[in-house]
Amino acid sequence: MKTTPPATSDGGHESHTTQPLGSAGQTTRLQSVPAAPSDSEPAVGASAVRRTFTFTSAVTGEKVTATCMPGCTIDHEADSKTPTHPHDIYCNIPGTAGELPLYGPLCDTGSPEDFRFLSWQIESYPFSGRPAERLPFVAIEAIDDHYIEYLDPDTLEMVIGRLQKRVDSLREAHAQLVNVRTAYLNPPEVAA
């Protein structure tokens with residue numbers, strides 16, 4: 001499963017800062033914002049144990065301790081071994097990956113191709129300048145590399161509701177398509 005690209009300084013998440021919110025213009029040490037509202041409420045299926053690791057900030061040269069969100073599956077060993085930009089630190093809990101075989105203009109070949117479809121994952125960027133990225137959020141891959149991101153619980157619930165309405169509408173389209181195709185393929189006799 002492909003993850004959303006980590007924040008980078010070359011066109012990634014532009015509004016990131018090198019310091020936590022509220023410290024602009026001050027010389028302070030980087031500190032990550034806890035990635036979960038409460039240690040007592042781990043993500044479903046996730047461990048309440050939160051891993052910590054230390055890395056050297058590529059910005060300040062200081063050692064920084066980061067705490068993963070509960071359930072993070074990222075191996076942060078590489079982050080610990082070399083100087084790392086704080087914005088490149090992220091946590092991830094992989095979700096389910098769906099595939100949709102499609103044929104037509106989206107395909108590069110003459111046969112059906114599998115596209116990732118409505119896959120999801122939970123992420124956080126603990127040193128992001130955007131509060132929506134610091135707390136765990138869901139990223140939905142609508143279809144191959146096209147994401148709906150930064151969904152908090154309320155917004156995710158809204159998206160689920162909208163998707164359900166669209167599914168109901170698509171069921172109506174399916175029934176109408178079946179009827180139209182039947183009528184098209186079996187035209188009534190035309191009187192001369």
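Predicted model: local features only at pLDDT ≥ 70, side-chain atom pairs only at ≥ 80, totals over all residues.

Me: Which strand does Leu 100 lie in?

Reply: Strand β4, which covers residues 99-102.

Me: And how far apart are Leu 100 and Asp 114?

Reply: In sequence, 14 residues. In space, 5.4 Å from C-alpha to C-alpha.

Me: New topic. How many aromatic pairs are there?

Reply: A search of the whole structure finds five. One of them is Tyr 125 with Phe 137: the ring centres are 6.4 Å apart and the planes sit at 10 degrees, so the pair is stacked.

Me: Where do those two sit?

Reply: Tyr 125 is in the loop between β5 and α2, and Phe 137 is in strand β6. They are 12 residues apart. Both Tyr 125 and Phe 137 are buried.

Me: What about Phe 137 and Tyr 150?

Reply: Their ring centres are 5.0 Å apart and their planes are at 55 degrees, so that pair is tilted. Tyr 150 lies in strand β7, so the pair ties together parts 13 residues apart in sequence.

Me: Which residues do ring pairs link into a cluster?

Reply: Tyr 90, Tyr 125, Phe 137 and Tyr 150.

Me: Last one: how many residues are in helix α3?

Reply: Helix α3 has 33 residues. It reaches 47 Å from first C-alpha to last, close to the 48 Å expected. At its start, a side-chain oxygen of Asp 152 comes within 3.1 Å of the backbone nitrogen of Asp 154.

Methods:
Residues numbered from 1 in each chain as written. Heavy atoms only, no water. Helix = DSSP H or I, 4+ residues; strand = E, 2+ residues; numbered from the N terminus. Expected span 1.5 Å × (residues − 1). Polar contact = N/O pair within 3.5 Å; in protein donor to acceptor, adjacent residues only side chain to side chain. Phe/Tyr/Trp six-rings, centres within 6.5 Å; stacked < 30°, edge-to-face > 60°. Buried < 20%, exposed > 50% of the residue type's maximum accessible area, 1.4 Å probe, protein only.
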